[in-house]
Amino acid sequence: MTGYAIVLASKELSRVQAVSTIASVAAASDVPVEVFATMEGLLPFEKETVESGDFDVGPVGARMLEAEDMDVPLFTEQFAQAKEIGPLKLYACEMAMELMGQDLDDYVDVFDESLGVSGFLNRAQDKQVVFV
């Protein structure tokens, strides 16, 4: 195994934040990480959602948004920082984007490119796959 391939299919903020934290720690440890945001996992990355802060939250996500005593960067910032320090690639699912009539310009600028499932599987073949 040479790193992790994380499939993000959830729109829940706490899960997206967990993926960004895990991917960031791995990348900072020089462990290669490939993240594939697909289906509802793409929704939190929409520019409008990020700008409004209107995320799908459970109790942990709600607490995270309200917390003033914790210095936790939002997943978009965490992904951007991690990409600068380690081997982290982030991909948007082409099929999900097509279903929603969107392109990469509709999302915050953290994706390296869009990919189909076969493209992601080619990049994931030597990695431990984690589904969130």
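**Close-up views of a predicted model**

View 1. With a relative accessible area of 14%, K127 is classed as buried; here buried denotes under 20% relative accessible area, exposed over 50% and partly exposed the range in between (1.4 Å probe, protein chains only). The model is predicted, so local features need a pLDDT of at least 70 and side-chain atom pairs count only at pLDDT 80 or more, whereas totals for chains, interfaces and linings use all residues. Residues are numbered from 1 along each chain as its sequence is written, and side-chain values use heavy atoms, with hydrogens and water left out. The side chain of K127 meets that of D126 in a salt bridge, at 3.1 Å from N to O; the term requires a side-chain nitrogen of Lys or Arg within 4 Å of a carboxyl oxygen of Asp or Glu. D126 is partly exposed, at 37% relative accessibility. Three salt bridges are found in a search of the whole structure.

**View 2. The D112–K83 salt bridge.** D112 and K83 are joined through their side chains, with an N to O distance of 3.3 Å. Because D112 belongs to the loop between α5 (94-99) and β4 (113-115) and K83 to helix α4 (residues 75-85), this pair ties together parts that are 29 residues apart in sequence. Helices (H or I, at least four residues) and strands (E, at least two) are DSSP runs, numbered from the N terminus. D112 is partly exposed at 33% relative accessibility, and K83 is likewise partly exposed, at 24%.

View 3. The closest N and O atoms of R123 and E113 are 3.6 Å apart, and the two residues form a salt bridge. R123 is in helix α6 and E113 in strand β4, ten residues apart, and the pair links these distant parts of the chain. R123 has a relative accessible area of 30% and is partly exposed; E113, with 33%, is also partly exposed. G119 and Y91 are 28 residues apart along the chain, and their C-alpha atoms are separated by 9.9 Å.

**View 4. The five-stranded open sheet.** The strands follow the order β4-β3-β2-β1-β5, with parallel pairing. β4 and β5 stand at the edges with a single partner strand each, so one side of each has no neighbour in the sheet. From one strand to the next, the twist averages 25°; axes are lines fitted to C-alpha atoms, for helices over the stretch in contact, and angles run from 0 to 180 degrees between N-to-C directions. Two strands are taken to pair if DSSP finds at least two bridges between them.

**View 5. Strand β1 and its partners.** Four of the five residues of β1 (residues 4-8) are buried, so this strand is largely enclosed by the rest of the structure. β1 runs parallel to β2 (residues 33-37), and five bridges join the two strands. Y4 has V33 of β2 as its bridge partner, I6 stands opposite V35, and L8 is partnered by A37. β1 also pairs with β5 (residues 128-131) in the parallel sense, over four bridges, where V130 is the bridge partner of I6. Together with helix α1 (residues 13-28), β1 and β2 make a right-handed β-α-β unit; right-handed means that, with the strands pointing away from the viewer, the path from the first strand over the helix to the second runs clockwise.

**View 6. The two faces of strand β2.** Five of the five residues of β2 are buried. V33, V35 and A37 cover one side and E34 and F36 the other, and all are buried. In a regular strand the side chains alternate between the two faces of the sheet. Five bridges also join β2 to the parallel strand β3 (residues 88-93), among them the pairing of V33 with L88.

**View 7. A nonpolar surface patch.** M39, M95, L99 and M100 form the patch, with about 430 Å² of accessible area together. Patches consist of residues with over 30% relative accessible area and no salt bridge, like charges being joined within 9 Å and nonpolar side chains (Val, Leu, Ile, Met, Phe, Trp, Tyr) within 5 Å. Accessible areas come from the Shrake-Rupley method with a 1.4 Å probe, and for residues only the protein chains shown count as cover. M39 lies in the loop between β2 and α2 (47-52) and is partly exposed, with a relative accessible area of 39%.
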